[in-house]
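Visitor: I would like to learn how to read a few features of a model. Please take them in turn.

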Amino acid sequence: MATDLGVPIDQVVKEGPGLAFVAYPEALLRLPCPQFWSVLFFLMLFVLGLDSEFALLENVLTSISDEFTWLRNHKLIFCVVTACFCYLVGLPCVTHGGNYVLTLMDVYGGGVGVVFIAIAECIGLLWIYGLGRISSDLEFMLGNRPNAYWRITWSFLAPVILMMIFLYSLVFHVPLRYEEYLYPNWANMIGWALACVSMLQIPIWAVLMVWKQPAGSLKEKLQMSARSTAEWGPSDTSLRSEWIAFTQKNVPGTLLSEQRKDCNNSTPINVGDKLGEAL
């Protein structure tokens, strides 16, 4: 392809949508029986996109259904309405300027925002909820406790590397460019607003939950907001008492501070954690 186009090899293929819909199809035309390879290639793209869409859409549907439980009785209608809404939102991406819209959404909405959310997940699960409790829960569900490699990766390597990537992307950020087009300042502002819509949800709701706690000092509010609720644990009542006993046995230093009832809703038992004391 570089010889036919008369350009250096590093300029034959560029990142972005053109890689899948321009460069690869043109390369397939140079193979024996290009029709066969083209069908396989675009079928692969379709299945790959469908698989990704299933995971993303199900994540949204499950999150909303957990908050508004009455939607579970109308899952088919809810799914169709959500899919149609996503289809309408995505229509600007297939217009003549769609590549510019897609690049803006991909860089800001799917780049720095996703990394920030991943950092918050690592901090919330591994540093606040606790590596020991995560390992204990996995052992309870799977029968095997994560080995040292996974524990070190989850608790140290993953959050540190993600923080480095996030800080690097902020320090060395350059105005967005698509091929030879340099995005104007207002477009970059829209991109940062798009990223902040997802990133600011975490600190805003965290501050709100701390403020709502019925405590006097800020330290007590932080401790109460970081402590698990009485509903935390398996929803299956037949497993709940087993999980409580398993957690108290396998997590040293568990603080018995939360009042929870056993599976028969009869005798209250104390179950707790030291999540707040970690602060």
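Visitor: Which residues does the UniProt annotation "binding site" cover?

Guide: The annotation, from an unreviewed entry, covers Leu48, Asp51 and Ser52. UniProt positions are given in the numbering used here, feature names are shortened, and annotations may be inferred rather than shown by experiment. Residues are numbered from 1 along each chain as its sequence is written, and side-chain values use heavy atoms, with hydrogens and water left out. This is a predicted model: local features need pLDDT of at least 70, side-chain atom pairs count only at pLDDT 80 or more, and totals for chains, interfaces and linings use all residues.

Visitor: In which helix is Ser52 found?

Guide: Helices (H or I, at least four residues) are DSSP runs, numbered from the N terminus. Ser52 is in helix α3, and Leu48 also has its place in helix α3, residues 34-67. Ser52 has a relative accessible area of 34%, so it counts as partly exposed (between buried, under 20%, and exposed, over 50%; 1.4 Å probe, protein chains only).

Visitor: How many salt bridges does the structure hold?

Guide: Side chains of opposite charge can pair when their charged atoms come close. The criterion is a side-chain nitrogen of Lys or Arg within 4 Å of a carboxyl oxygen of Asp or Glu. The structure holds three. One of them joins Lys75 and Glu58, with the closest N and O atoms 3.6 Å apart. Lys75 lies in helix α4 (residues 75-90) and Glu58 in helix α3, so this pair ties together parts 17 residues apart in sequence. Asp66 pairs with Arg72 at 2.8 Å, and Glu139 with Arg145 at 3.1 Å.

Key. Helix = DSSP H or I, 4+ residues; strand = E, 2+ residues; numbered from the N terminus.
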